[in-house]
Amino acid sequence: MTTTPSPTPTPTVLWLSAHPEPRSLTASLRVSGIAHLRAAGHEVIESDLYAMGWDPVLRGEGISAQGERFDPTADVRRALVEGRLPEDVRREQAKLTAANALVVQFPLWWYGLPAILKGWMDRVLVSGFAFGTDPRTGRRLRFEDGPFRGKRVLTALTLGDRPRAIGPRGKSGQLEELLFGLLHGTFAYTGMDVLPPFAVPSADRVDEEAFTRAQAALHVRLDGLLTDPALPYRPQFRGDYTEEWELAPHVRPGEEGLSVHLVHEEERDPSHAL
Ligand SMILES: Cc1cc2nc3c(=O)[nH]c(=O)nc-3n(C[C@H](O)[C@H](O)[C@H](O)COP(=O)(O)O)c2cc1C
């Protein structure tokens, strides 16, 4: 009897984006990137936050009892466990659960996320779903034990700064360090494999030629969405950190700065240990 191999499941990508203007550079790259992924056989689900009219504000109303002191972690967790989270939040959590990979795309505003996107993080990535402990098993949900292990994330942004301003000696700080809170504090914290970010600098002066270049560069990064190496952030619970969440004294002694949280090439080379 011959058996037909079961088809490889189509990878699902959640494209999460925030821009108020459909004719912006961000929106044009979104349309082009999604078409590229679909042409390559990916299923793409979208959360275009402005277009959805997403409410970014985390509030106690409807979550904690009237007049009670609102605890944004514990009360929201209880609402998750009791199935009382707002419908819009549950819909976004279901999209995230279904996704093998995420593209998180935005213009850099005040060196951070547009408020509408920050509010997606605040309302969707709740305790018991994205961090904390698993409500059923009590298991820790963080970093290498995070709930989104196996999901990959590509951060794609536009920014006004010139290319060298986000380089190693740039005035804005090197891009991966500038985005450390998002890449490490949010994405790696929840267990994702974090790809090096994709940025289009000098984004306020993009002519047709520069757009074509940016689009092609984005497509290359999308082609590697499921295969490109992730940033080698250190595991948190295998001896690299103390109980105070400081790098252990034996790890890169004397070194400081955000790059110490990456496993360096020579640490991975077994000959180095000899
Ligand atoms: C509210 C606001 C804040 C901004 N903050 C920054 C910033 O912190 N750093 C930067 O390089 N550009 C900043 N910019 C410039 C935008 O990043 C830039 O206009 C955008 O990426 C252009 O792409 P778009 O056409 O998709 O909006 C800011 C723009 C606005 C409107």
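Which residues in α1 meet which residues in α8? Let's work through that and a few related exercises on this predicted model.

**Exercise 1. Describe the packing of α1 with α8.**

Solution, step by step:

- Find the partners. From α1 come L25, S28, L29, S32, G33, H36 and L37, and from α8 come F211, A214, Q215, L218, H219, L222 and D223.
- Sort these residues by class. The contact of α1 with α8 holds seven nonpolar, six polar and one charged residues.
- Helix α1 spans residues 25-39 and helix α8 spans residues 208-223; their axes are 10 Å apart, at an angle of about 45 degrees.
- Name the arrangement. That angle makes α1 oblique to α8, because only angles of 65 to 115 degrees count as roughly perpendicular, and only those under 35 or over 145 as roughly parallel or antiparallel.
- The crossing of α1 and α8 is right-handed.

**Exercise 2. Now do the packing of α4 with α5.**

Solution, step by step:

- Start with the geometry. Helix α4 (residues 87-98) packs on helix α5 (residues 115-124) at an angle of about 90 degrees, and their axes lie 10 Å apart.
- Name the arrangement. The two helices, α4 and α5, are therefore roughly perpendicular to each other.
- List the partners. D88, V89, E92, Q93 and L96 belong to α4, and they meet W120, R123 and V124 of α5.
- Sort them. The contact of α4 with α5 has four nonpolar, one polar and three charged residues.

**Exercise 3. Describe how domain 1 and domain 2 meet.**

Solution, step by step:

- The protein chain is divided into domain 1, covering 12-231, and domain 2, covering 234-274.
- Count the contacts. Domain 1 brings nine residues into contact with nine residues of domain 2.
- State the area. About 850 Å² is buried between domain 1 and domain 2, and carbon and sulfur atoms give 64% of that area.
- Of the area that domain 1 buries against domain 2, 52% is supplied by E144, E177 and F180, more than any other three residues.

Definitions and conventions
Residues are numbered from 1 along each chain as its sequence is written. This is a predicted model: local features need pLDDT of at least 70, side-chain atom pairs count only at pLDDT 80 or more; totals for chains, interfaces and linings use all residues. Side-chain values use heavy atoms; hydrogens and water are left out. Axes are lines fitted to C-alpha atoms, for helices over the stretch in contact, and angles run from 0 to 180 degrees between N-to-C directions. Helices (H or I, at least four residues) and strands (E, at least two) are DSSP runs, numbered from the N terminus. A crossing is left-handed if the near helix is turned anticlockwise from the far one by less than a right angle, and right-handed if clockwise. Contact means heavy atoms within 4.5 Å. Ala, Val, Leu, Ile, Met, Phe, Trp, Tyr, Cys and Pro count as nonpolar, Asp, Glu, Lys and Arg as charged, and the others, Gly among them, as polar. Domain bounds come from an automatic or database domain assignment. Buried area is the accessible area (1.4 Å probe) that two parts lose on being put together, summed over both.
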